[in-house]
Amino acid sequence: MTIAADQALSGLGARLVHNRPEAIGEIYVALGSTVRSYLHGLVGPDDADDVLQRVFYEVWRHNSRYDPSRSLPAWVLGIARKRAIDHLRRRRHVAVPLEDLDDVAGEDGRELAERYARAHEVRDALNRLPEDQREVLVLAYFGRFTQSEIATLLEVPLGTVKARAFRGLRRLAHFLSPDQQVTESAHFVS
């Protein structure tokens, strides 16, 4: 983000705290597409708009919780992450009718089933990461932010973002390795 854009968002955040009705619309215009693409990576294209609507409703409803000295995009994306997790938890045990599997890819649907299973493994591994590492990886891979943009968004040094990404990827590789042992906590204490 540029300095001018950051200052404009800071002004919007201050107006949001003071309950200015037009602020939420302007925040949506400024951050809506960013939040939508972030959610798209977390909950998928079919549900991203529904979760997006809940996110901005919460931004409007809980405007007094925003601290204008903090980053407005980071606060909104934090809400988006929480609503995406809530959404995924609600869907966790959804049964799929057998007739819906007629059109799955591959000879007998195994290819698609394996992709879904792997995606579930990755999602579970991500949820096992420490919050700061998970946040950086989600922003980078699902939100498609650069490390510099993430540093600005989270208001942390670039080196911190790089370290969190490195540690998070290392832990993910460990969690997803086929020879993973129950002793993982002994290897990763940091």
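Predicted model: local features only at pLDDT ≥ 70, side-chain atom pairs only at ≥ 80, totals over all residues.
Trainee: Which residues of α6 and α7 meet?

Mentor: From α6 come E135, V136, L139 and A140, and they meet I150, L153 and L154 of α7.

Trainee: What makes up this contact of α6 with α7 by class?

Mentor: It has six nonpolar residues, no polar ones and one charged residue. Glu counts as charged, and E135 is among the residues that α6 brings to the contact.

Trainee: Why is α7 described as roughly perpendicular to α8?

Mentor: α7 and α8 pack at an angle of about 110°, and their axes are 8 Å apart. The range from 65 to 115 degrees counts as roughly perpendicular. The value of about 110° lies within that range, which makes α7 roughly perpendicular to α8. The crossing of α7 and α8 is right-handed.

Trainee: Which residues of α7 and α8 form their contact?

Mentor: Q147, S148, I150, A151 and L154 of α7 meet L158, V161, K162, R164 and A165 of α8. By class, these residues divide into six nonpolar, two polar and two charged. Lys and Arg count as charged, and K162 and R164 belong to the α8 side.

Trainee: How do you know that α6 and α8 are roughly perpendicular to each other?

Mentor: The axes of α6, residues 131-141, and α8, residues 158-176, come within 8 Å and cross at roughly 95°. A value of roughly 95° lies in the range from 65 to 115 degrees, and the two helices are therefore roughly perpendicular to each other. On the α6 side the contact is made by D132, Q133, V136, L137 and Y141. On the α8 side it is made by V161, R164, A165, R167, G168, L169, R171 and L172. By class, the contact of α6 with α8 has seven nonpolar, two polar and four charged residues.

Trainee: What makes the largest cavity a cavity, and which residues line it?

Mentor: A cavity is a set of points where a 1.4 Å probe fits but cannot get out. The structure holds one cavity of 30 Å³ or more, and the largest cavity has a volume of about 50 Å³. Its lining consists of Y38, A74, L77, G78, R81, E135, L139, L153 and L154. The elements that give two or more residues to this lining are α4 (72-91), α6 and α7 (147-154). The largest share, four residues, comes from α4. By class, the lining has six nonpolar, one polar and two charged residues.

Trainee: What makes up the lining of the second largest pocket by class, and which element gives the most to it?

Mentor: The lining of the second largest pocket has five nonpolar, two polar and eight charged residues. α4 gives the most, with six residues, and α4 and α6 each supply at least two. This pocket has a volume of about 250 Å³. Of the 15 residues that line the pocket, the closest to its centre are A74, W75, G78, K82 and E135.

Methods:
Residues numbered from 1 in each chain as written. Heavy atoms only, no water. Axes fitted to C-alpha atoms, helices over the stretch in contact; angles between N-to-C directions. Parallel < 35°, antiparallel > 145°, perpendicular 65-115°, else oblique. Contact = heavy atoms within 4.5 Å. 1 Å grid on protein atoms, 1.4 Å probe; cavity = no way out; pocket = protein on both sides within 12 Å on 5 of 7 lines; lining within 4 Å. Points joined across faces, edges and corners; volume = space filled by probe spheres on them. Left-handed = near helix turned anticlockwise from the far one by under 90°.
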